[in-house]
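Good morning, and thank you for coming.

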Amino acid sequence: MGNVLDNSLFVRNPKKFQELSQAATQFNSLYNGNNIIQDDIFSVLTNYAKKNQTSLELLRFPTKDDDFCALTCVQKGKIFVYVNAWLPLSNQIFAAAHELYHIWCFIEKTDESVLRKGSFLSAAVIDEGVTSQEDQEANAFAGILLAPSNALHEQMQIYGISKERQSLEDIIQLMAIFSMPYKAVLLRLFEEQYIDERAVRNFLNIEKDRLKKAIGYEPDAYRWQRRTPEMIQMGNLNQLMEQNAEFDLLTDTRATGDQNTLRQILQKYKNI
């Protein structure tokens with residue numbers, strides 16, 4: 001249970017963590033301002049690509065697999081990002097922020113190593129931590145982006161959450177405020193030195209049933225745990241199909257066939 005701590009960038013490479021902390025803070029000021037991101041992360045992601053003249057398609061639809069979080073790849077110069085809408089919303093948000101780091105590296109650093117071969121994000125990478133440098137960095141970037149230092153400090157003051165000793169209810173309150181998974185919140189508190197290693201490990205050892213029950217008592221936290229199988233976002237596919245029809249770029253038979261295929265795909269996901 002403690003792997004998320006042991007394999008964190010903060011523990012493994014403190015110097016790199018500090019560099020990323022500065023980068024994430026600067027990114028936030030440029031593309032988000034002072035807002036707590038929550039589910040605006042999807043707009044932040046697409047806006048970032050747009051402002052950097054990079055073609056990006058964001059896809060969200062349900063794949064009934066709790067281990068499959070997200071996938072990012074580059075095809076013919078266009079970035080495709082898929083986030084699994086079957087997951088609890090807080091996991092989707094963290095997954096999008098994680099993938100945003102890989103996209104940031106691709107655009108800002110012209111680092112094509114991850115996206116050229118594809119970035120596959122599994123639940124284990126979020127829940128248990130990873131040993132790969134790229135994913136450690138992406139998890140750290142995502143956590144700082146979603147719960148910046150200043151906002152974390154401010155919200156703890158507003159809600160009367162002690163910086164010396166937190167209860168399980170306090171952790172769940174922070175999950176609700178920042179729309180983040182449980183372990184990601186614990187790691188951010190540890191990174192900001194609001195909680196020590198022993199307390200983190202105690203929280204990590206809480207039984208899943210007890211944690212689920214406690215989250216259920218907090219409506220604001222519980223709503224970020226809901227799954228969104230109704231979410232079907234197919235990028236700009238509909239727009240492209242309408243343009244094909246408007247400018248007679250395809251034969252009537254092909255256009256009709258494409259529309260029928262899309263309806264069948266959408267119906268499949270609506271029935272999940």
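Predicted model: local features only at pLDDT ≥ 70, side-chain atom pairs only at ≥ 80, totals over all residues.

The protein chain contains 16 helices and 5 strands. It has 272 residues, of which 50% count as buried. If we take the contacts in the chain with a separation of 6 or more, 67% of them are between residues 24 or more positions apart.

Let me turn to the helix pairs. Two packed helices are described by the angle between their axes and the distance between the axes. At what angle do α3 and α8 pack? Helix α3, residues 14-31, and helix α8, residues 133-146, pack at about 45°, and their axes lie 9 Å apart. Because of that angle, α3 is oblique to α8. The crossing of these two helices is right-handed. On the α3 side, the contact is made by Lys 16, Phe 17, Leu 20, Ser 21, Ala 23, Ala 24, Phe 27 and Asn 28. Helix α8 contributes Gln 133, Glu 137, Ala 140, Phe 141, Ile 144 and Leu 145. Sorted by class, this contact has 9 nonpolar, 3 polar and 2 charged residues.

The second pair is formed by helix α10, residues 168-178, and helix α13, residues 208-216. Their axes cross at roughly 60° and come within 10 Å. The crossing of α10 and α13 is right-handed. Leu 168, Ile 172 and Met 175 of α10 meet Arg 210, Leu 211, Ala 214 and Ile 215 of α13. By class, the contact between α10 and α13 has 6 nonpolar residues, 1 charged residue and no polar ones.

I now move to a strand. Ile 79 belongs to strand β3, which covers residues 78-84. Is Ile 79 buried or exposed? Its relative accessible area is 0%, so Ile 79 is buried. Leu 56 is 23 residues away from Ile 79 along the chain, yet the C-alpha atoms of the two are separated by 4.6 Å.

Finally, the cysteines. A disulfide is a covalent bond between the sulfur atoms of two cysteines. How many disulfides are counted in this model? With a cut-off of 2.5 Å between cysteine sulfur atoms, the count is 0 disulfides. Cys 69 has a relative accessibility of 1%, and therefore counts as buried. Cys 105, at 7% relative accessibility, also counts as buried, since the limit for that class is under 20%.

Definitions and conventions:
Residues numbered from 1 in each chain as written. Heavy atoms only, no water. Buried < 20%, exposed > 50% of the residue type's maximum accessible area, 1.4 Å probe, protein only. Axes fitted to C-alpha atoms, helices over the stretch in contact; angles between N-to-C directions. Helix = DSSP H or I, 4+ residues; strand = E, 2+ residues; numbered from the N terminus. Parallel < 35°, antiparallel > 145°, perpendicular 65-115°, else oblique. Left-handed = near helix turned anticlockwise from the far one by under 90°. Contact = heavy atoms within 4.5 Å. Nonpolar A, V, L, I, M, F, W, Y, C, P; charged D, E, K, R; others polar.
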